[in-house]
Amino acid sequence: MGSCFSVRIKAESPHHAAGDGGLSSRISSASVSLNTPTPRGESEILESSNLKNFSFNELRIATRNFRPDSVLGEGGFGCVFKGWIDENTFKAARPGTGLVIAAKRLNQDGFQGHKEWLAEITYLGQLSHPNLVKLIGYCLEDEHRLLVYEFMPRGSLENHLFRRSSYFQPLSWSIRMKVAVGAARGLAYLHSPEAKVIFRDFKSSNILIDSNYDAKLSDFGLAKDGPADGKSHVSTRVMGTYGYAAPEYMATGHLTTRSDVYSFGVVLLEILTGRRAMDKNRPNGEHNLIEWAKPYLGNKRKILRVMDPRIAGQYSLTVALRAALLAVKCLSIDPKHRPRMADVVKELEQLHDLNDSGNPRRDADLYPRPPASPLPA
């Protein structure tokens, strides 16, 4: 059996490791209460989840004994292994047959990992939406804890934006907008009266992409129920990822849906620029994406200075400027000035439709650009 575990402080994509040298590491307060009560008992959560309860042996066979060449990625939770099960019986199947799965195996060190394992089941066992990754089942046997998801063949948005390889070719402008719309819809659903959930760790590595480039949110280990009884916020330990967490949440521990909106603004900026939220490999003055990009985002003549050169010529200047201004609104220092995710969805849908129906190169005469990068195969 291959060992493939890392501590939660360096959590990354559950399907593909980011390899950013720990720059986008988890942040948390120093104090950890081991007696924090959960809203429901563990057995009640598992029984009410309508998920398949896999045996450890079933998942061992499905993943070919957790072989190293089955590893899809590594995060703070543990490793994710590719496997195959029968789509009707959910029994282990021969490689290349049946339903492809991603089995996330819990690193057995630490109480926090078990809490996050249970949080995944709590939320994904109850919530269902086209833009949330589907949790098929779990394993709780002796010291073994695993989660079994649908397999997302195109991996994470993070890898498509930042990895330089033949597999992760640059996403076109149209596909970037499609992914942004899908991710926004998923977040809007979580914030809706039906769900009332705050995601708390929205970032590009937690946005997975299926074969049709539909985006689905993953990794609900830090998700929290929204405020109840008329309260304006949830008070909680500060946890999340550097560069994505809203400043007021980091300062006070007060968590709201607008905290997620801020994180969405960061990801939208990553989509537009092709740059990481935090990147120490950039020149001085460019480490922090928001600080570097903000002076250019509201100016029609300057916006092209921050746009990803790999998608040059694929969008109209008007659409790019509107997308940039939407990111600025989401990144407002005052949470009250940030839009609701439902309004973000509407604006992004309009931008996606505008660019598809219009002439994406109508500004090309004013701003000559190099040829566009090819679409992924």
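This is a predicted model: local features need pLDDT of at least 70, side-chain atom pairs count only at pLDDT 80 or more; totals for chains, interfaces and linings use all residues.
Colleague: How many helices and strands does the secondary structure of the protein chain come to?

Modeller: The protein chain has 377 residues, of which 54% count as buried. Its secondary structure comes to 10 helices and 14 strands.

Colleague: Which residues of helix H8 are buried, and on how wide an arc do they fall?

Modeller: Within H8, which spans residues 289–297, the buried residues are Leu289, Ile290, Trp292, Ala293 and Leu297. On the other side of this helix, Glu291 and Pro295 are exposed. Seen down the axis of H8, the buried residues line one face of the helix, because they fall within an arc of 160°.

Colleague: Against which helices do the buried residues of H8 pack?

Modeller: The N-terminal end of H8 is capped by Asn288, with a side-chain oxygen 3.0 Å from the backbone nitrogen of Ile290. As for packing, the buried residues of H8 lie against helix H7 (257–273) and helix H9 (317–330).

Colleague: Is strand E5 largely enclosed or largely open, and how many of its residues are buried?

Modeller: E5 covers residues 99–106 and is joined to strand E4 (residues 78–85) by 8 bridges, the two running antiparallel. A further 5 bridges join E5 to strand E7 (residues 144–150), again antiparallel. The rest of the structure largely encloses E5, because its buried residues number 6 of the 8.

Colleague: Why is the pair of Phe66 and Phe81 edge-to-face?

Modeller: The count of aromatic pairs comes to 9. For Phe66 and Phe81, the ring centres are 5.1 Å apart and the planes stand at 75°; planes over 60 degrees apart count as edge-to-face, so the pair takes that class. Phe66 lies in the loop between helix H2 (56–62) and strand E3 (71–74) and Phe81 in strand E4, so the pair ties together parts 15 residues apart in sequence.

Colleague: Does Tyr296 count as buried, partly exposed or exposed?

Modeller: Tyr296 forms a tilted aromatic pair with Trp292, at 6.3 Å centre to centre and 55° between the planes. The two are separated by about one helical turn, because they are 4 residues apart in H8. Trp292 counts as buried at 12% relative accessibility. Tyr296, at 22%, counts as partly exposed.

Terms used. Residues are numbered from 1 along each chain as its sequence is written. Side-chain values use heavy atoms; hydrogens and water are left out. Buried means under 20% relative accessible area, exposed over 50%, partly exposed in between (1.4 Å probe, protein chains only). The arc is that of the directions from the helix axis to the C-beta atoms. Contact means heavy atoms within 4.5 Å. A polar contact is a pair of N or O atoms within 3.5 Å; within protein, one must be able to donate a hydrogen and the other to accept it, and residues adjacent in sequence count only if both atoms are side-chain atoms. Two strands pair if DSSP finds at least two bridges between them. Rings of Phe, Tyr and Trp (its six-membered ring) pair if their centres lie within 6.5 Å; planes under 30 degrees apart count as stacked, over 60 as edge-to-face and the rest as tilted.
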